[in-house]
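Subject: Structure handover

Hello,

Here is the structure you will be working with. Please open it, then read my notes below with the model on screen.

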Amino acid sequence: MATRGRKPAPIELKLLRGNPGKRAINARASVLQQPEALAADATPDMLLEEAKAYWDHAIAHAPRGLLRKLDVYLLAAWCNAAYRYEYNMRLAAKSDVIPVRGAKLAGLDPKDRPVMHNPFSTAARAYLKDMTMLAAELGFTPSSRARLGAAEIAAPSVDDPWEQIAG
C-alpha cells in the first residue's frame, strides 16, 4: 500500500533549502557520499545500442552534478524510451490511420474498407508517457530543475544588442 501525502524531499534539496521542517537529517546517508557525477562510459547492459546517442546527449546536456551513479538505470530507461518513442513516431508519421485487413473485407474496394488508428501512435504515446515521468524524476524538465535548484546559465550572445540593455 502506498504512503499518503507528498513525496519526501531529497536530502540534497533539504540541505539547499536549509531544512525548513527542522527534522533531523541523516548526514551519513550514502546518497550524499556518491561520486560527483555519472560518467558517459558507465552505460549499463540494458541500454539499447540505438539508444546510446540519447545517453551521450543526456550526459552532455544535464545540469552539472545532477546525475549520480545511482541514476544509471533510470537514465538508461529514459534513453530506451526516447529511442522507442522516436522510432514509433517515425512509423506513425507515415499514416495516422491504416485500413483494417481481414478475410471478410477482402472483397471490398480498398477505399471502402474501414480504417483503424495506427498502433504505432499508441505505442509512441506510451513511450512519451514513460519519458516524461522519468524526465521529471531525473531533473530533465524545467519545473523539476527549478524544484532541485539547478541553475541554468545561458551563454550570452555576442551580437545581441538586447544583451547590453537587459544586462
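Let's start inside a helix. M131 touches W78, A81, A82 and Y85, leaving out residues up to four places away in sequence. Contact here means heavy atoms within 4.5 Å. M131 sits in helix α4. Helices (DSSP runs of H or I, at least four residues) and strands (runs of E, at least two) are numbered from the N terminus. M131 and W78 are 53 residues apart along the chain, yet their C-alpha atoms are separated by 5.5 Å. M131 counts as buried, because its relative accessibility is 13%. Buried means under 20% relative accessible area, exposed means over 50%, and partly exposed is in between (1.4 Å probe, protein chains only).

Before going on, two notes on the source. This is a predicted model, in which local features need pLDDT of at least 70 and side-chain atom pairs count only at pLDDT 80 or more, while totals for chains, interfaces and linings use all residues. Residues are numbered from 1 along each chain as its sequence is written, and side-chain values use heavy atoms, with hydrogens and water left out.

**The overall layout**

The protein has 6 helices and 2 strands. Along the sequence they follow the pattern α-α-α-β-β-α-α-α. There are 167 residues, and 23% of them count as buried. Take the contacts between residues at least 6 apart in sequence: 56% of these join residues at least 24 apart.

**The core**

Which residues have the most contacts inside the largest nonpolar core? They are W55, L75, W78, C79 and F140, and the core has 19 residues. A nonpolar core is a set of buried Ala, Val, Leu, Ile, Met, Phe, Trp, Tyr and Cys residues joined through side-chain atoms within 4.5 Å. Three helices each supply at least two residues of this core: α2 (52-61), α3 (72-92) and α4 (119-138). α3 gives the most, with 7 residues. In soluble globular proteins, nonpolar side chains tend to be buried together.

Now look at W78. Leaving out residues up to four places away in sequence, W78 touches Y54, A58, M131, L134, A135, L138 and F140. W78 is buried, because its relative accessibility is 12%.

**An aromatic pair**

The whole structure holds 2 aromatic pairs. One of them joins W78 and F140, with 5.2 Å centre to centre and 80° between the planes, which is edge-to-face. Rings of Phe, Tyr and Trp (its six-membered ring) pair if their centres lie within 6.5 Å; planes under 30 degrees apart count as stacked, over 60 as edge-to-face and the rest as tilted. This pair links distant parts of the chain: W78 is in helix α3, F140 is in the loop between α4 and α5 (142-148), and they are 62 residues apart. F140 also counts as buried, because its relative accessibility is 19%.

**Helix α4, end to end**

α4 has 20 residues. From first C-alpha to last it reaches 29 Å, close to the 28 Å expected at 1.5 Å a residue. That expected span is 1.5 Å times one less than the number of residues.

Which residues of α4 are buried? They are S121, A124, M131, L134, A135 and L138. Seen down the axis of α4, the buried residues fall within an arc of 150°, so they line one face of the helix. The arc is taken from the directions from the helix axis to the C-beta atoms.

S121 has 10% relative accessibility, so S121 counts as buried. Beyond its neighbours within four places in sequence, S121 is in contact with A92 and D96.

What happens at the start of α4? A side-chain oxygen of N118 reaches to within 3.0 Å of the backbone nitrogen of F120. A polar contact is a pair of N or O atoms within 3.5 Å; within protein, one must be able to donate a hydrogen and the other to accept it, and residues adjacent in sequence count only if both atoms are side-chain atoms. N118 lies in the loop between β2 (115-117) and α4. With 3% relative accessibility, N118 counts as buried.

After α4 comes G139, whose phi is positive, near 85°.

H117 is in strand β2. H117 counts as partly exposed, because its relative accessibility is 39%. Apart from neighbours within four places in sequence, H117 is in contact with D96, T122 and R125.

Best wishes
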